Amino acid sequence: MLSLKLKTFVMTVLLCGSVMAQSGEGSLFSRTVSRLKADGPSLVSGTATLNYGDNTDVQDFVLSVSGSKFLLVLEDGETTAWFDSKTLWNGADYGDGIEEIYISNPSPEEVVLLNPAELMKRADSFRITQKGSDSFVMEPKEKGGTVLGILKVTIRVNTQTSRPERIDLVQDDSSVSIRIERWLPEQKFSDAMFTCPVDKYPSAEIVDLR
């Protein structure tokens, strides 16, 4: 099962493309939608600050994403995750290399968090409003309600590149602020990179949750 940290991390970084694609109005939205579609497979990196309960966690990350597939590395070295659009491998490193690998087939709700295309199917549940010339806000249409635990998302777009540069998300039990420092489009990723090479970690404990 994905930890709160990893789940929030993946969903938030990928969410931006989904949210923008839900609205065809406004030059900011249309430019960004066109840019993200043209970008194709991308390498995204930056820093996230997560707050949950009394805890604050700052993480650098590198995310390789192609459609619904991704490879996520948190730079504290503790977490590497592979997702091939069906199976999720969550590798845990406590200082001596990857020592545990959790394998799962995410539930439909988890897939929505992992795959922005699935979130788009719930577009009718959200209200999107532009905020100034470089930002927009996404909130559940139902007043006081949540969608997938989401209370509010604010996305700031670099108006020069038409790509997201900051995402602030509030959930019912946590919040995360992500600063995107690098977005490299048109990457050529092999399908193999989104599948965990389990044989490379012969000492790891395998926990199969499927």
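In which strand is the place of Thr-80? Thr-80 lies in strand β4, which covers residues 79–83; strands here are DSSP runs of E with at least two residues, numbered from the N terminus. The model is predicted, so that local features need pLDDT of at least 70 and side-chain atom pairs count only at pLDDT 80 or more, whereas totals for chains, interfaces and linings use all residues. Residues are numbered from 1 along each chain as its sequence is written, and side-chain values use heavy atoms, with hydrogens and water left out.

Thr-80 counts as buried because its relative accessibility is 15%, where buried means under 20% relative accessible area (1.4 Å probe, protein chains only). Apart from neighbours within four places in sequence, Thr-80 is in contact with Leu-71, Leu-72, Val-73, Trp-89, Asn-90, Gly-91 and Ile-98; contact means heavy atoms within 4.5 Å.

Strands β4 and β5 run antiparallel and are joined by five bridges, and two strands pair if DSSP finds at least two bridges between them. Trp-82 stands opposite Trp-89 in β5. The two strands form a hairpin with four residues between them, and Ser-85 in the turn has a positive phi of about 90 degrees.

Strand β5 (residues 88–93) is mostly covered, with six of its six residues buried. Leu-88, Asn-90 and Ala-92 point one way from β5, while Trp-89, Gly-91 and Asp-93 point the other way.

Strand β5 also pairs with strand β6 (residues 98–104), in the antiparallel sense and over six bridges. Ile-98 in β6 is the bridge partner of Asp-93. The hairpin of β5 and β6 has four residues between the strands, and Gly-95 there takes a positive phi near 125 degrees.

Terms used
Buried means under 20% relative accessible area, exposed over 50%, partly exposed in between (1.4 Å probe, protein chains only).
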